[in-house]
Structure formats: structure tokens, C-alpha cells
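Dear colleague,

I am handing over the structure below, and my notes on a helix pair and a sheet follow it. Please read them beside the model.

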Amino acid sequence: MISKAVYKLKIERIDRTCRFELSWGNGQQLFATLEYPESLTKLYQEWQRIYLSFYNSALRGRVQSSGSGVMPKVDWHNKLIEAETEFLQAFNHWLRSAELFEIRQKIMMSNSANIATVTTTILLTCYQLELERLPWEAWEICTNLAQKSQVNIIRTPPQIREENFSEIRQKLRQKSRILVIVGDDTGLHFQTELAALKSLSRFTEIKFVGWQPEQEEYIIRQNVCQAIADPQGWDLLCFLGHSNEAEITGGKIAIAPNVHLTISEISPYLTQAKQRGLQFAIFNSCCGLNIAASLINLGLSQVIIMREQIHNQVAEEFFLRFLLSLNNFKNVYEAMFFANEYLQQEKLKYPSAYLIPSIFGHPNAELFQLQPNSISQKLKQLLPTRNEAIVLSILTAASLYIPLQDYLLDLRILTQAVYREITNQIPVQTTPPPTLLVQIDEKSIRLEKDISNPKPMPRHYLAKLVDKLSELDAKVIGIDYLLHRPSEIESRDKRLAQSLINAVQKPKPSWIISVTNEGINGERLKPLPEIVSPNWSLQGEMNLIGGFMQLATPEINDPHALPFSYLLAIAYQLNFKNKNNVPQPQLQSQQEFLIQIQESLKLKNNSLFSARSYLQPLTEFSYIFGQMWLHPVIDYSIPPEQVYDRIPAWQLLNNQISTSQKSHLQKQVVIIAPGGYKEAGVAVSGLDFFSKPAAICYWRIDNDCLNQRREFTGAEIHAYMVHHHLNNSMIIPIPDLWMIGIAGLLGKFTLITLNNRHRQQEKHKKSLGKNTLTSEKKQWIILVISALSGYGIISLQTYVTSGILLPWLLPSVTFFTYAIPIFVRKN
């Protein structure tokens with residue numbers, strides 16, 4: 001970021017002394033008084049005489065004839081170089097006087113600390129015309145050219161009556177509007193300048209107004225004045241032709257041969273133009289000191305003029321270079337600086353020409369610059385290059401590749417787990433956890449003599465577990481086994497059915513929640529009604545979708561397709577939190593129990609969970625493209641001990657559980673589920689265990705993860721989802737594709753900004769030196785790395801605080817891709 005230091009410097013001559021007054025900040029001031037050397041005026045006059053003698057034809061001002069007769073040939077070029085050198089040496093010697101030391105030191109201090117990030121602006125006011133004629137832009141206030149380029153000397157007139165409106169933006173135009181007044185061209189030609197102006201037409205609207213032969217004078221004047229006061233307004237006013245000083249009338253311009261307009265005459269029209277958006281004017285003509293003062297007095301932002309008479313060819317060259325920079329959206333000071341720099345480099349051809357242009361400005365105005373106001377121009381700047389498009393295409397494809405998304409999501413949640421522990425932001429544990437898993441594991445199967453084949457799990461064994469849980473007064477019992485087919489041994493089905501009936505018909509009935517699934521042909525696989533009836537139980541979808549939450553759809557057609565974990569959470573909420581007038585399962589009920597609950601909640605206008613528990617339209621729309629946009633993920637960054645307890649089935653049946661465990665299960669959702677035996681499952685793979693999330697491995701630090709045996713049961717996933725529903729802790733992932741787009745735009749903006757800065761630095765490469773550019777490059781490398789690191793920390797904290805998962809890796813790679821050209825750029 002470039003900071004600005006602004007100083008106001010007032011210079012006034014009183015008799016033989018000059019008084020300098022420097023002010024800045026909140027009333028800080030420095031004063032100095034030193035003698036004005038009369039020799040400086042003589043040197044200026046001598047330089048001016050030789051200057052006019054060298055450029056003795058095609059001047060954009062009227063010069064009286066100096067006489068006639070045959071003159072001997074004189075080397076005016078050499079004389080002008082000598083006069084310029086002597087004049088500037090005397091001028092800077094005077095300004096290096098000891099009396100001005102404090103003022104110089106103060107100005108240089110703002111630039112010496114870090115020349116790449118500080119721009120110093122000096123608002124210079126001269127109270128006498130003889131002081132205004134001096135080339136203050138050539139003041140060697142900084143010994144280093146790099147520092148000099150950061151010191152902007154903008155002249156301000158002593159009197160400014162009108163307010164500047166540059167900070168109050170006029171209504172946005174589709175294109176910037178430029179008015180070009182083509183004046184008297186006697187002895188001149190404007191073809192080059194007019195052609196250059198037309199090159200701006202791709203993003204500006206340009207109107208030319210001028211004179212025609214045989215036109216009456218008042219018509220010419222009227223046309224110019226009406227054009228200036230155009231109701232649509234102008235952003236920039238340009239005058240080409242002859243002009244001259246006229247202190248009383250504020251200067252005058254020749255709009256046709258022998259036809260002049262004074263600034264005082266056109267002031268009312270200029271005031272209207274300013275009110276309609278006019279900010280900047282350039283007079284590519286002679287002797288414009290009075291003109292500049294008059295226009296700034298009217299409230300314009302900036303005016304560029306020529307202080308002396310100017311040769312036609314010099315005026316053309318300056319104007320071309322000025323427009324070239326303006327065309328690249330440089331501000332008017334930068335454009336003038338680079339045009340002057342070109343004239344200085346062409347000193348052999350145009351000696352002293354660089355000393356002539358000056359910029360006057362309103363103290364409160366921002367520097368004017370053309371803007372690519374049209375949407376197409378702005379978008380064109382943001383279009384990726386060929387290499388950028390290739391990288392963006394690769395990253396976009398990567399962001400849409402589901403296996404890669406799953407892998408990155410797993411690593412990201414592992415990172416969140418580590419971050420939670422390091423920053424001590426693990427949620428406060430509730431005792432007991434909301435879920436108890438009764439897991440039928442290999443040992444449970446081995447110890448049960450009647451289980452010869454655990455697939456399907458014998459119903460009588462499930463009945464034993466239900467009986468035991470009912471005996472221990474478990475309020476909510478979930479069965480994570482499909483019961484859609486009859487057993488080979490009918491008595492075992494009856495045994496389970498009776499156990500479930502017994503659990504429901506107790507004085508304090510247990511809630512029974514069984515699972516459904518979608519069959520191969522799309523049919524709903526429901527529990528057999530003779531085993532468990534939907535009129536006194538709940539039935540939910542058991543299918544899992546990787547690391548993502550199962551979401552409920554409020555308007556779903558099939559109530560049995562509601563997620564198993566969602567129904568378990570409802571049962572927990574209604575039995576342990578919202579206990580008032582909750583319907584209880586009854587064996588004699590003629591209406592589905594789920595419908596009874598839904599009607600009860602509607603009557604109470606009760607919403608148990610946040611909106612994030614339900615499927616949103618945008619997420620559902622993304623399914624069409626195989627994506628999971630904004631679909632909540634399961635937050636394994638929470639330790640499993642806070643989510644569920646687990647005991648093997650054999651321990652439960654053998655009463656090998658503690659008194660506290662018995663007490664806890666009365667306040668928990670209990671899920672009877674497979675515990676990792678190899679025959680479990682209904683998926684295509686035939687397995688009911690999944691790859692263990694990396695975050696779970698981190699929390700448990702078990703050998704299974706180290707040995708790549710990463711079994712993680714479906715019941716454990718259901719337990720996490722129950723926890724998230726109950727705590728409204730849904731983590732919403734922002735799609736990588738979206739953040740890649742945002743990172744691409746930010747990267748492009750950064751690249752455009754740094755490229756513009758680099759072009760400025762290249763102009764002064766020789767004087768800046770390799771070490772300075774290398775140092776600046778290091779600063780930008782540190783800045784980019786710090787920005788990406790900062791974004792990473794913000795994304796980690798946003799996950800914890802707001803439940804928003806901002807992807808880091810692919811967006812960071814996208815942004816870094818745009819930064820690579822900055823890092824590898826040659827010094």
C-alpha cells in the first residue's frame with residue numbers, strides 16, 4: 001500500500017527577501033526567510049531570451065518581431081544548454097541555502113524511510129508572477145532520482161474561491177467525455193494531436209469544436225461556449241492553439257484567426273461544466289500561468305499548462321507522450337512526469353523543453369485519471385491470459401473431481417482437529433454423550449452359540465439386546481439392521497417382535513427406531529410390519545453419503561426416507577429436552593407415529609433444529625452436476641468421546657457394565673449396530689465399515705490407523721450426525737469452485753496493481769538499482785505468503801466460530817499462480 005505525505009509550501013517575495021512557509025498535518029508549520037538573488041532573475045531572462053531564439057518559429061503564442069536585417073549564424077543550441085545549466089545551478093544553489101535546511105529535511109524525511117511506499121506531494125503556492133515563472137519542478141529537493149520521482153510538485157494559485165467536487169462523484173457515465181477545442185492554427189498543425197486523441201475513443205466519448213472559414217466571430221464564440229456548457233457534462237477539456245497571459249481577464253485563448261476568448265468571458269460556462277463533472281483541463285498552448293490560476297480558482301481539480309511559449313513540435317511530442325500514459329490509465333501527474341521525462345531524454349533535439357510544462361491543482365482534489373468505465377473494458381482487464389486460463393481449467397477440474405474433494409476434505413478436518421486442540425477450542429463435553437453404541441463385534445458373535453452365520457444377524461439375538469435395554473429403561477432404541485425380509489426360522493422374527501412390543505407397552509414406553517433403505521430397483525426396503533409397525537415406531541433411511549450429513553427434506557413424499565440419524569435426534573430432543581405433551585408410541589394407534597409427531601410439532605409451531613439440518617434448494621440443484629455445494633459435512637474435528645459411548649454387545653448381555661453406564665443409557669439414544677465384523681453391511685461392497693477419517697485417527701492414535709486398517713462403522717457416523725443435529729453444529733463447506741473464482745479475481749487485481757507499479761519502477765531502473773528491486777520483490781513475496789497464511793488462519797477460525805468451511809489449498813494455489821510472474825520477474 002502506498003502512503004501519502006502532503007505538504008503545503010507557500011513562497012512570497014517581500015522586497016529583497018523570500019519567505020518560505022511549510023505546513024502539514026494538524027497545524028504543524030516551519031518558516032524560513034532568505035535573500036532573493038537578483039542574479040537569478042537575470043539568469044532566467046537570459047535563458048528565456050536564448051530559449052525563444054532557438055525556438056524562433058512555429059510557436060504557439062504571438063511573438064513580436066525583434067527587428068530585421070542579416071544576423072550572423074549563432075549556435076543557439078549550445079547557448080541554450082549553457083544558459084539552462086547556469087540558470088538551474090543558480091536556482092538549486094539558492095534553494096540549498098542553510099536557511100531552508102529544516103524545510104528540506106522535513107520533506108526528505110517522509111521519503112527516506114521507504115521510497116517504494118511513500119509518495120510526497122508538495123502543494124506549491126507562489127505569490128508573485130516572477131516566482132511562478134521559475135521551474136520549481138526542477139528543484140533538486142531529493143538527491144536521488146528514485147526519491148525525486150516520489151515527490152509530486154503541484155502548483156496552487158494564491159486565491160481559490162470555489163470548492164472542488166472531485167470527491168463527490170458525478171453520476172457514472174458509460175464512457176468518459178472529452179471536449180477538444182481546436183483553436184487558431186495559424187502557423188501550426190494539429191493532425192498528430194487529433195489522431196492521438198481519437199485513439200482514446202475506445203473507452204471515451206470525444207467531441208471536437210472549432211472554427212470554420214467564413215464563420216462570423218460571434219458564432220464561433222457561441223459554439224465554443226455552448227460546447228463547454230453541454231448538459232451531458234465533460235470529464236476533460238483540451239485546448240489546442242495559441243494562448244497568452246492576460247492578468248486582468250485570467251488569460252486568453254485564440255479560438256480562430258484574430259478571434260479571442262478570455263477566461264473571464266467563459267467562466268460561467270466553465271462553472272456549469274464543473275458542476276456537471278469537469279475535473280481536468282490541458283492547454284497545449286503558450287503562456288498559460290493566468291489560465292491555470294483562473295481555472296483552479298473556479299474549482300477544477302487539475303490544469304496542465306505551458307508556462308512559456310512552446311514550439312509546435314515540442315507541443316506535439318509532449319501531448320503524444322501525455323496521452324499515451326493517460327491511455328494506460330495513469331493519473332495526470334504521472335502522465336505529465338513521463339512526458340517531461342521523454343523531453344528531457346531528447347535534450348539534444350528539444351533543449352529546455354522539459355522545463356516548460358506545469359500542473360496546477362486544487363488542494364482538496366484527487367489526481368484525475370481516465371477510468372475504463374464501460375463494463376466490457378473492466379471485464380477485459382480481468383480476462384485470464386492463455387497460461388492463466390490453462391491453470392484455472394486444471395484447478396477447476398480438480399475442484400469438481402469428487403475423490404480429490406473427499407481426500408482434501410479429510411485432510412482439512414484433520415487440520416481442524418489439530419487446530420481445535422492447539423487453540424483449546426474443543427466444545428465443552430456433555431455428560432453423558434447423546435449416543436450409546438451397542439456394537440455386535442466378533443467376540444459377541446463368538447460368545448453366542450446360536451449364531452452360526454451373522455449375515456443376516458439372527459433376530460433372536462437382536463431381541464436379547466432389546467430386552468436387556470428395555471430392562472435397563474433405555475428410552476430410545478435404534479436398530480441399525482434391516483428387517484425387511486423374514487428369517488428362515490419364523491420363531492426368531494416373532495421373538496424380536498414380542499421384545500419390541502414389550503419395550504413399547506411398558507408404563508414408560510421405549511421409542512423404537514428402525515432403518516429403511518433404497519433397493520436396487522428404487523423400491524423402499526421397510527421393516528416387516530409383523531416385526532415392527534410404523535404406527536408405534538419410527539423408520540429412517542440408513543444410507544450414508546461419505547463424509548457428508550444426511551439432510552431432512554421437510555416436504556418429502558416418503559416419510560420413511562427421512563434420515564435415521566435425524567429421527568434419532570428427534571427422539572432425543574422430544575424425550576430428554578422438550579418433554580411437554582410429547583406423543584408416546586401406543587400399540588393400538590391407527591396412525592403412523594411419525595405423522596403424530598409431525599402434527600404435534602406443527603400445533604406447537606416448534607422447529608427442533610436449525611435450517612442447516614434440512615436440504616436447501618441450491619444444494620439439491622448441485623446434485624444434478626454430481627456436486628455437493630453447501631451440503632453440510634460431518635465434523636470429525638470434535639473428539640469421538642464427546643459424541644458417543646460404545647460397549648460391546650456381549651458386555652451388555654453379561655451385565656458387565658458399570659452403574660454409571662446403566663444410568664447414562666437412560667438419557668442416551670442407544671443404537672444396536674454392527675461393531676466391525678466382516679459380514680456386516682448391505683452396501684454393494686458388502687461392508688458396514690468405512691475408511692476411518694484422519695481426524696478420528698488423530699483423536700484415538702490407534703494402531704489400526706498406523707497399520708492402514710482404518711475401519712469405521714456406519715453406526716459411529718450416525719452418532720456424529722445425531723450429535724450435529726442436536727447441537728446445530730452443521731459445517732457448511734463453501735465450494736472450491738467458488739473460491740477458485742474469487743481467488744482468481746483477487747489474484748488478477750493484485751497482478752494488475754503490481755504490474756502497474758513495476759512499469760513505474762522500470763522507468764527508473766538504472767537509478768533504483770538491482771538491490772532495491774530485489775528488496776521490493778522480497779517484500780511482495782513476504783506479503784503474499786503472509787496473506788495466504790492469514791487466510792488459512794481465518795478459514796480455520798471461521799470453521800470453529802461460524803461453522804463455515806472455507807477451502808484453503810486450491811484457492812491458495814490459484815492466487816499463488818497469479819503471483820508467480822511477480823516472483824520470477826527479472827530485476
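**Helix pair and sheet**

Helix α16 passes helix α17 in a left-handed crossing, a term used when the near helix is turned anticlockwise from the far one by less than a right angle. This is a predicted model, in which local features need pLDDT of at least 70 and side-chain atom pairs count only at pLDDT 80 or more, while totals for chains, interfaces and linings use all residues. Residues are numbered from 1 along each chain as its sequence is written, and side-chain values use heavy atoms, with hydrogens and water left out.

The axes of α16 (residues 459-471) and α17 (residues 490-504) come within 8 Å and cross at roughly 15 degrees; axes are lines fitted to C-alpha atoms, for helices over the stretch in contact, and angles between N-to-C directions run from 0 to 180 degrees. The two helices are therefore roughly parallel to each other, the label for angles under 35 degrees. On the α16 side, R459, H460, L462, A463, K464, V466, D467 and S470 meet R492, D493, R495, L496, S499, L500 and A503 of α17, where contact means heavy atoms within 4.5 Å. The residues of this contact divide into six nonpolar, three polar and six charged.

Turning to the sheet, three strands form an open sheet in the order β9-β10-β11 with antiparallel pairing (strands pair if DSSP finds at least two bridges between them). Its edge strands, β9 (242-244) and β11 (259-262), each pair on one side only. β9 is joined to β10 (residues 252-256) by three bridges, and N244 stands opposite K252 in β10.

Best regards

Key: Helix = DSSP H or I, 4+ residues; strand = E, 2+ residues; numbered from the N terminus. Parallel < 35°, antiparallel > 145°, perpendicular 65-115°, else oblique. Nonpolar A, V, L, I, M, F, W, Y, C, P; charged D, E, K, R; others polar.
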